[in-house]
Amino acid sequence: MQHQTRVFSGVQPTGNLHLGNYLGAITRFVALQADHDCLYCVVDLHAITVVQDPQELAHNTREVTAAFIASGIDPTKHIVFNQSQVSGHAELAWIFNCVARIGWLNRMTQFKEKAGKDRENASAGLYVYPNLMAADILLYHATHVPVGEDQKQHLELARDIAQKFNNDFGSSIARAGYADGFFPLPEPLITGPATRVMSLRDGTRKMSKSDESDMTRINLTDDADTIAKKIKKAKTDPEPLPSNVEGLAARPEADNLVGIFAALAETDKEAVLRDYGNASFSTFKQALAELTTAKIAPIGAEMRKLLAEPAHIDRILEDGAGRAHAIADPILAKTKEIVGFIR
Ligand code: ATP
Ligand code: MG
C-alpha cells in the first residue's frame, strides 16, 4: 500500500526553547506546511521521562505552542496539539515496547547521555522513550519527520520497529487487507545549514534545553541585551575567521557561529565567509548579535502576547487534539485488530 504523505514532529515542553530547536526543527516545520499535511505535537509524555514540576510543565506546554504559532505554524490549516490528549500515543507505545528489542534500546546514545553515570536511577520511561517516539509518528502513519541531527538514531529505530511489526504480524496484516505492510517506514528530514546547533560555550556539545548553563544557548524569549551578551561571551579561538568553509574544519566554535549566521540569514556558510572571511570575531559577533536579535526578538514578543491568553492556547490544543484523534483512532483500531485484541 502506498501511504499518503504526512508530516509529524514534536518538541518537548521542557522549558528554555532555544535557537537549535528553532533552526533545526521549528523553521523546518514552518516550511513544510506549504505542500504537506502536518501534525506538530508538544510531547508532554516525553517531558516526564525526567522529573517535571506540574505547574511548569503546563506553562512550558503553552510556551512551545506559542513558539510554534509565533514562528508561523498555522494551527487551523495543520494540527497542533499536546501528546497526552491523544491516548493512542501511550497505547501504541506499549505495543511497540513489546516489538522493540532491549538490544536496540541499549544502543541509543541519547539515553546514555541523559542517564549519565547514574543509570540505575534513570526512569524506565527515559529508557523506552524511543518506542514512544516511534508510536508518535506511526500512530498517524506519518511518512516524513523533520528533526535535528540528534534524533537521527531514534528515527532509524522507528523504522526498525515499523519493519519488525510488519514482519511479525505479516499474515495478520494480510488478513486485514494490507498487501505490503501496515506501518510506513518514516523518513527523517534533516535539512538546512543548522541541523546541529552547538553550545555557545563548547563547540563539541549540542545546544540543549537541559544544559544547566543558560549562557550555552539563545532562548527564543531572550531580549536583545541578553542575546548580545551571550554572543559576545560565546567561546571562540584566537584566529580571525577563515575565508572558506574548509578553514572551519577543526574549529568547532567558529563553524557553529558561522552556521548559525547562515541559517538565520537563509544562506550558506560559503556566502557568510565571502562577507566575513578574515574578519575578527568581535566584528563578526556584533553582526551576528544584530541578525539574531532581528530574527528572534519578534518571535519572543509574539510568544509573550500569546501567553497572556492561556485559555486561547488551550483551545487551540483541544481543537488540534480532536483532529489528531480523528486520524489516529482508525489506525489504532486496525493495529489492535492486527495484534489480536478483541474490541
Ligand atoms: P532536551 O535537552 O530536553 O532533550 P532539546 O533541546 O534536545 O531538549 P527536544 O524537545 O528534545 O529539545 O527536541 C526538539 C527538536 O529540536 C528535535 O527535532 C531536535 O532534533 C531539535 N534540536 C534539539 N536541539 C537541537 C540543536 N542543538 N540543533 C538542531 N536541532 C536541535
Ligand atoms: Mg532532545
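Predicted model: local features only at pLDDT ≥ 70, side-chain atom pairs only at ≥ 80, totals over all residues.
1. Residues are numbered from 1 along each chain as its sequence is written, and side-chain values use heavy atoms, with hydrogens and water left out.

2. Let's start with the charged pairs. A search of the whole structure turns up 17 salt bridges (a side-chain nitrogen of Lys or Arg within 4 Å of a carboxyl oxygen of Asp or Glu). One of them joins Glu156 to Lys152, with the closest N and O atoms 3.7 Å apart. These two sit four residues apart in helix α8 (residues 152-168), so about one helical turn separates them. (Helices are DSSP runs of H or I, at least four residues, and strands are runs of E, at least two.)

3. Lys230 pairs with Asp214, and here the closest N and O atoms are 2.9 Å apart. The pair links distant parts of the chain: Lys230 is in helix α10 and Asp214 in the loop between β5 and α10, 16 residues apart. Is Lys230 buried or exposed? Lys230 is buried, at a relative accessible area of 2%, whereas Asp214 is partly exposed at 32%. (Buried means under 20% relative accessible area, exposed over 50%, partly exposed in between, with a 1.4 Å probe and protein chains only.)

4. Now look at helix α4 (residues 88-97). Its buried residues include Gly88, His89, Leu92 and Phe96. Seen down the axis, the buried residues of α4 fall within an arc of 160°, so they line one face of the helix (the arc is that of the directions from the helix axis to the C-beta atoms).

Methods
Chains lettered and ligands numbered in written order.
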